[in-house]
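Welcome, and please have your viewer ready. We will go from one selection to the next and look at what is there.

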Amino acid sequence: MSPFSLPKINPITHVLRDKIQQKIDTKTKPIGSLGTLETIALQIAEIQNTTSPTLKNPKLILFAGDHGITEEPVSLYPKDVTWQMVFNFLNGGACANVFAKHNGMEVEVVDVGVDHDWDDSTKNLLIKKIRKGTSNFLKTQAMSKEESHQCIQNGFNLILENKYKESNVFLFGEMGIGNTSSASMILSHLTGIPLSKLVGKGTGLNPEGKLSKLQILERAFQRTGKLNDPIEILSEFGGFEIGMMVGAMLGVASEQKLFLVDGFITTAAYLLAYHLDQNVKDYAIFSHVSDEEGHIIVLNHYQINPLLKLNLRLGEGSGALAAYPLVELSIKFLNEMASFADAGVSEADKKV
């Protein structure tokens, strides 16, 4: 199947909206008093087309890949940190592992383009390597269009594998030194927002380092000029891990399941997916606004309201993992909270 023939995503239906909303409104609380939790409950119930939705076998998938732009001084850390952090994930030592364990999940890691050869003893790592890192997009396109297609197709196919059939909620994260640079380029092209408003400190650059990073990315922008096609943007400036995440998001939405968007980099992947098929938005929950300063600007541009603001900028799905308990609470109140009739509590006087 070619990426250009990926199934169209069906928008969520609103057949049961009135019944779901009635169930929400007749719980023992003032109408609307649970705020965003009510919005989430309605969204998930509509996705599953039921008044009693469930969250089954939640999966956290981290996509990892290296970036050729790290040949330039855009990050405090060397690119070797990518494979070293993958090893840390596999050994249970990262923040993602701690947060995932709290949520009853395992960390599943996919090598999409890490510049490292794993030995035969490496376990629990899915190898989907396109090649060992993208090219330096300051000088040439990061990947070919064929590689972009392959990333998206691999991500889409991954979600259709049997091991995910019983899961109906997915959390996505990433690992790739240099990928805030890639995300900044993608988001600037998709939104028209200038790089000067999107480029942040990434792994912790000081003001001088941030300015140098901005100047490098502005030169890369001049190499192509403004682009509009999402595949072309991914090819010129993307990362393999971002591309595979695009396909995974499209795959989840095509299966009419839920996914949580993490931070700045996963937002770039989401918006590439959105510009390929806008119906993907029906299946997404935005977990948090990150401390990468361009993130709030992009979210505001699309009128997206995330669940949390915790000043996170770690990546690796940490924000999605932090927000997941709120998603669980939205389902629990809908399914377990008593109604006025059940509890024998008087309802509000609708005339007042």
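Is aspartate 115 buried, partly exposed or exposed? Select aspartate 115 and show its surface: the residue is partly exposed, with a relative accessible area of 27%. Here buried means under 20% relative accessible area, exposed over 50%, and partly exposed in between (1.4 Å probe, protein chains only).

A word on the model before moving on. This is a predicted model, in which local features need pLDDT of at least 70 and side-chain atom pairs count only at pLDDT 80 or more, while totals for chains, interfaces and linings use all residues. Residues are numbered from 1 along each chain as its sequence is written, and side-chain values use heavy atoms, with hydrogens and water left out.

**Salt bridges**

Lysine 79 is partly exposed, at 32% relative accessible area.

Next, select glutamate 46 and arginine 17, whose closest N and O atoms in their salt bridge are 2.9 Å apart. Glutamate 46 lies in helix H2 (residues 36-48) and arginine 17 in helix H1 (residues 17-25), so this pair ties together parts 29 residues apart in sequence. Helices (H or I, at least four residues) and strands (E, at least two) are DSSP runs, numbered from the N terminus. Glutamate 46 is buried at 4% relative accessible area, whereas arginine 17 is partly exposed at 34%.

Then pick glutamate 236 and arginine 223, which meet in a salt bridge (2.8 Å, N to O). Glutamate 236 is buried, at 12% relative accessibility, and arginine 223 is partly exposed, at 29%. For a network of salt bridges, select Lys59, Glu108 and Lys163 together.

Finally, select residues 258-261, strand E5. Leu258 and Leu260 point one way, Phe259 and Val261 the other, and all are buried. In a regular strand, side chains alternate between the two faces of the sheet.

Show strand E4 (residues 169-175), which pairs with E5 in the parallel sense over three bridges; strands pair if DSSP finds at least two bridges between them. Look for valine 169 opposite leucine 258. Strand E6 (residues 284-286) also runs parallel to E5, joined by three bridges, with phenylalanine 286 opposite valine 261.

Technical notes:
Salt bridge = Lys/Arg side-chain N within 4 Å of Asp/Glu carboxyl O.
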